[in-house]
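Visitor: Could you take me through this structure, one topic at a time?

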Amino acid sequence: MGEGAAGGWFDSHCHVQEHYESAPGDALARAASAGVAGVVCVGTDARTSAEAVALARAGRAGELGSAVPAIWATAGLHPHEASQGTTDVARFVTETLEAADGALVAIGECGLDYFYEHSPRPAQRQAFAEQIGLAQRHGLALVIHARDAWDDLFAVLGSEGVPERTILHCFTGGPDEADRCLGAGLFVSFSGIVTFKNADALRAAALVCPSERLLVETDSPFLAPVPHRGTANEPGFVSLVGAAVAKIRGVEPAELARSSAAAARRAFAL
């Protein structure tokens, strides 16, 4: 499938380039067979961002074969790696955009993770703020990771300004947190967690999120949905995530596929 492929599911967040190094094309071919029309491969540092862009370009050049979804890339510094500083990522973004080939569509994933705190909180907030600025300067979407840090997340967004197209990936809150995201103009992306038994609050959030702001994702290879929980996730499993969200919302999976793909294309300006 080419860049303009329409119809089918859209995996708004995966890490195929990083975790299927030996054969990313195989995972993507399986996704296409599962009805996935588009994927966004997400960078978490300068290296994985470069790999994501390379994979997107390989897809455009036909190097992965014709039976793969359309592929786009992001470049960012994950909060776990915030202590590295954003210099290398910012340089890579500038260099990549010079090609003007449309492979790079967003900054991120970036944000705050106060659950693991692999980087100190001040470093996380600084790296997050700098990447918000990077998205604003280049007119790119922003992909946010947030865990146990809602108040600081919105404090940084409030001080730096919310980019016009901002996605809260792998949303894990309830209806109240969803309302905060929607009130700030964010798109909200749901992962396989929505299929987990203990995710009632998340399912309630999926019910109230308007379809024009609702995305679905795998975050593969993490967070495989039921019935694959505990195994490696793949972009092809986004159909299971979407079917679960559709059931919550009382719509047919095909309708959810159409609306979530359209929302993803708006979010990433595709």
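This is a predicted model: local features need pLDDT of at least 70, side-chain atom pairs count only at pLDDT 80 or more; totals for chains, interfaces and linings use all residues.

Visitor: Which residues touch the most other members of the largest nonpolar core?

Guide: They are F128, I144, L153, L168, F171 and F190, in a core of 69 residues. A nonpolar core here is a set of buried Ala, Val, Leu, Ile, Met, Phe, Trp, Tyr and Cys residues joined through side-chain atoms within 4.5 Å; buried means under 20% relative accessible area, exposed over 50%, and partly exposed in between, with a 1.4 Å probe and protein chains only.

Visitor: Which helix gives the most to this core?

Guide: Helix α5, residues 121-138, contributes six residues. Helices (H or I, at least four residues) and strands (E, at least two) are DSSP runs, numbered from the N terminus.

Visitor: What is I144 in contact with?

Guide: Leaving aside neighbours within four places in sequence, I144 contacts C110, F128, L153, L157, T166, I167, L168, H169 and L186, where contact means heavy atoms within 4.5 Å. A second, separate core has 17 residues, including V42, A141, A261 and F268.

Visitor: Changing topic, which residues of helix α8 are buried?

Guide: In α8, residues 200-208, these are L202, R203, A205 and A206. They lie on the same side of α8 because they cover an arc of only 155° around the axis, taken from the directions from the helix axis to the C-beta atoms. The face turned away from that buried side carries the exposed residues D200 and L207.

Visitor: What do the buried residues pack against?

Guide: Their partners are α7 (175-183), β7 (187-190), β8 (214-216) and α9 (238-249).

Visitor: And how much space lies in the largest pocket?

Guide: About 660 Å³. Its lining has 30 residues, with H145, R147, C170, D219 and L223 nearest the centre. On a 1 Å grid over the protein atoms alone, a pocket is an open set of points where a 1.4 Å probe fits, with protein on both sides within 12 Å along at least five of seven lines; lining residues have an atom within 4 Å of a point.

Visitor: Where does the largest share of that lining come from?

Guide: Strand β5 supplies it, with three residues.

Technical notes. Residues are numbered from 1 along each chain as its sequence is written. Side-chain values use heavy atoms; hydrogens and water are left out. Grid points are joined across faces, edges and corners, and a volume is the space filled by probe spheres set on the points.
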